[in-house]
Amino acid sequence: MGEKKTNVVMILSDDQGSWAMGCYGNPEIKTPNLDRLAERGTRFENFYCVSPVCSPARASLLTGKIPSQHGIHDYLSGGNGGAEQESIEFLKEHRGYTDVLAENGYTCGLSGKWHLGAGMLPQKGFSFWYTHQKGGGPYYNAPMIRNGKLVQEPGYITDVITDEAIHFLDEQKGREKPFYLSVHYT
């Protein structure tokens, strides 16, 4: 009988430096919920990204490659396939760590900001897919994609991303397969 695999929830906030959280030593910024998560979970103490810009930073995190290797050098202003954009799968030729997780029996879910193109189809091992149609958007009435279907979300997008993540977690209860969930806030 094999060893039980660990379930993983990864929370990613968009363009947020470590200086913008209390748990990293900023006494002026109050982040009690993030501080509590950092205390109970895994906190990266020596983690750097080669780009301060959203799309290349996300691609680097996902693939483990620098922008000159994965080809995304700046914010992607198109290519997501929603909101009348062309659909471009920018990372088609690259494996992500979520591909490896899915190949090793994980059910992978994403709730929030993808912003790496071809947003209408789940990619990189994800079987649950809830993302922005354009990569980013308004905080109310956001144009979103849920498992390949275009939806307009009337609620506050941070709450909706959280609710979708909780829905994914609820569906995993009692299942034998391990899960990985990315929750990406704007």
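Select Leu34 first. Leu34 counts as partly exposed because its relative accessibility is 32%, between the limits for buried (under 20% relative accessible area) and exposed (over 50%), with a 1.4 Å probe and protein chains only. Leu34 is found in helix α1; helices (H or I, at least four residues) and strands (E, at least two) are DSSP runs, numbered from the N terminus. The model is predicted: local features need pLDDT of at least 70, side-chain atom pairs count only at pLDDT 80 or more, and totals for chains, interfaces and linings use all residues. Residues are numbered from 1 along each chain as its sequence is written, and side-chain values use heavy atoms, with hydrogens and water left out.

Now move to Lys149, in strand β5 (residues 149-153). Is Lys149 buried or exposed? Lys149 counts as exposed, because its relative accessibility is 58%. Beyond its neighbours within four places in sequence, Lys149 is in contact (heavy atoms within 4.5 Å) with Met120 and Met144. Select Val50 as well: Val50 and Lys149 are 99 residues apart in sequence, and their C-alpha atoms are 33 Å apart in space.

The cysteines come next. Cys23 counts as buried, because its relative accessibility is 14%. Cys108 is also buried, with a relative accessible area of 0%. How many disulfides does the structure hold? The structure holds zero disulfides, a disulfide being a pair of cysteine sulfur atoms within 2.5 Å.

Finally, display the whole protein chain. The chain has five helices and six strands, and from the N terminus on its elements run β-α-α-α-α-β-β-β-β-α-β. Along the principal axes, the C-alpha trace spans about 50 × 40 × 40 Å. Of the 186 residues, 42% count as buried. Among contacts between residues at least 6 apart in sequence, 51% join residues at least 24 apart.
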